[in-house]
Amino acid sequence: MTRITGPRTIRTSALVGAVLLALSACGGGGEATDDGSAAAGGGAPADGELISVGFSQVGAESGWRAANTQSIQDTLTEENGFELSFSDAQQRQENQIQAIRSYIAQDVDVIAFSPVVETGWDAVLEEAAAAEIPVVLTDRAVDTPNEDLYVSFIGSDFVEEGERAGAWVSENLGTEPINVVELQGTTGSAPANDRKEGFESAIADNPNVTITASQTGNFTRAEGRTVMEGFLQSEGAENIDVLFAHNDDMGLGAIEAIEAAGLVPGEDIQIVTIDAVRDGMQALADGKINFIVECNPLLGPDLADIITSVVAGEEVEKRIVVEDQEFDQEAAVEALPDRQY
Ligand code: AHR
């Protein structure tokens, strides 16, 4: 496993330069090697030809997603040697499956996608493998018994993000009994599953910290606001000490609900979120959010490196972890002027 720090720092494993022209028996999804890296098969384009890439994006649900899309579209350009077919699945798995099938029909060189949910991908990934088209996962994982169905997965460690959020709550606020309400991401998605798991494990040993309500806000600002309005009704504002939101956008929607209820976000209810997009960082600098764990969305350049290696038949790391920072108010004020997203 390779761990990378910040944007544009990945190097795809030791590039041994072994060009593997033979595909694995199951097709071009890549061959596992002894050290866990993957060697990709598939017909490389001739010299000077563009590498055709089909990319199925989750949707446009958040500021994070907008920055991620921009990074991919700005990098996989003709000028850089790529022909990109991009589709937005509007947070629906069936749309992503349809898009992947259309990329298979187009016989693109590489398919990349960020899976909206973790399960239910085996059939379409087997179709890609049968067509000898390598698949790269970006941002989110799939849950599959056959990891040979994709050649590489680049993205953050979501469990660790949740752990860092939970550790901050436990250490800074959990010195006395506190009630936490949780806004989960999209049900069944890797970041929702993993951030919840990480947060719960970090607070497990602190009997002062209790999650009293937890519901999905689907990673959107609008649903974050609606669900927070519900929490304020069902729990009573006086019984909510902390909000843990799985992303900035839901936290920002919740801030609207908290202010509409006549409360002061960041004071009456402390708020911890994940992403560190510009709007979230501004709210942190303004004292409306108290702590943010970063999830870096600038995956385009590293994805381009992986794809280039894959079509050259070079080895790529099976798992590339993006390292994320964390911010309190002071750090946000310092970082904001140079923030890229
Ligand atoms: O998969 C990454 C998550 O998806 C981001 O944290 C969230 O904002 C986005 O919708």
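## Sheet, helices and ring pairs at a glance

Asp-275 stands opposite Glu-294, a residue of strand S13; helices and strands here are DSSP runs (helices H or I, at least four residues; strands E, at least two), numbered from the N terminus. This is a predicted model, in which local features need pLDDT of at least 70 and side-chain atom pairs count only at pLDDT 80 or more, while totals for chains, interfaces and linings use all residues. Residues are numbered from 1 along each chain as its sequence is written, and side-chain values use heavy atoms, with hydrogens and water left out. Below is a short tour, starting with an open sheet of six strands.

**The sheet**

- The strand order is S10-S9-S11-S12-S13-S16, and the pairing is mixed (two strands pair if DSSP finds at least two bridges between them).
- At the edges sit S10 (209–216) and S16 (326–327), each of which pairs on one side only.
- Strands S9 (residues 178–184) and S11 (residues 242–245) run parallel and are joined by four bridges.
- Within that pairing, Val-180 has Val-242 of S11 as its bridge partner.

**Around strand S13**

- S12 (residues 270–275) and S13 also run parallel, again with four bridges joining them.
- Between S12 and S13 the chain crosses through helix H8, giving a right-handed β-α-β crossover (with the strands pointing away from the viewer, the path from the first strand over the helix to the second runs clockwise).
- H8 (residues 278–285) lies across S13 (291–294) and S16, and runs at about 150 degrees to S13 (axes are lines fitted to C-alpha atoms, for helices over the stretch in contact, and angles run from 0 to 180 degrees between N-to-C directions).
- S13 and S16 run antiparallel and share two bridges.

- Ala-332 belongs to helix H10 (residues 329–335), and it counts as buried because its relative accessibility is 0%.
- Leaving aside residues up to four places away in sequence, Ala-332 touches Met-281, Leu-284, Ala-285 and Phe-327 (contact means heavy atoms within 4.5 Å).
- Ala-332 and Gly-280 are 52 residues apart along the chain, and their C-alpha atoms are separated by 9.3 Å.
- Thr-69 is found in helix H1 (residues 63–75); its relative accessible area is 14%, so Thr-69 is buried.
- The contacts of Thr-69 are Gln-57 and Phe-86, again not counting residues up to four places away in sequence.

**Aromatic rings**

- The whole structure holds four aromatic pairs (rings of Phe, Tyr and Trp, the last by its six-membered ring, pair if their centres lie within 6.5 Å; planes under 30 degrees apart count as stacked, over 60 as edge-to-face and the rest as tilted).
- One of them is Trp-168 with Phe-291, which counts as stacked because the ring centres are 5.0 Å apart and the planes stand at 5 degrees.
- Trp-168 lies in helix H4 (residues 158–172) and Phe-291 in S13, so this pair ties together parts 123 residues apart in sequence.
- Both partners are buried, with a relative accessible area of 16% for Trp-168 and a relative accessibility of 4% for Phe-291.
- Phe-199 and Phe-244 make another stacked pair, with 4.1 Å centre to centre and 10 degrees between the planes.
- Phe-199 sits in helix H5 (residues 190–203) and Phe-244 in S11, so to speak distant parts of the chain, 45 residues apart.
- Phe-199 and Phe-244 are both buried.
- Lys-318 lies over the face of Tyr-150, 4.6 Å from the ring centre (a charge sits over a ring if NZ of Lys or CZ of Arg is within 6 Å of the ring centre and within 35 degrees of the ring normal).

**Positive phi in the loops**

- Glu-132 is not a glycine, yet its phi is positive, near 60 degrees.
- Glu-132 lies in the loop between helix H3 (122–130) and strand S7 (135–138), and with a relative accessible area of 43% Glu-132 is partly exposed.
- Asn-218 likewise has a positive phi, about 55 degrees, without being a glycine.
- The loop that holds Asn-218 runs between S10 and helix H6 (221–235).

Key. Buried means under 20% relative accessible area, exposed over 50%, partly exposed in between (1.4 Å probe, protein chains only).
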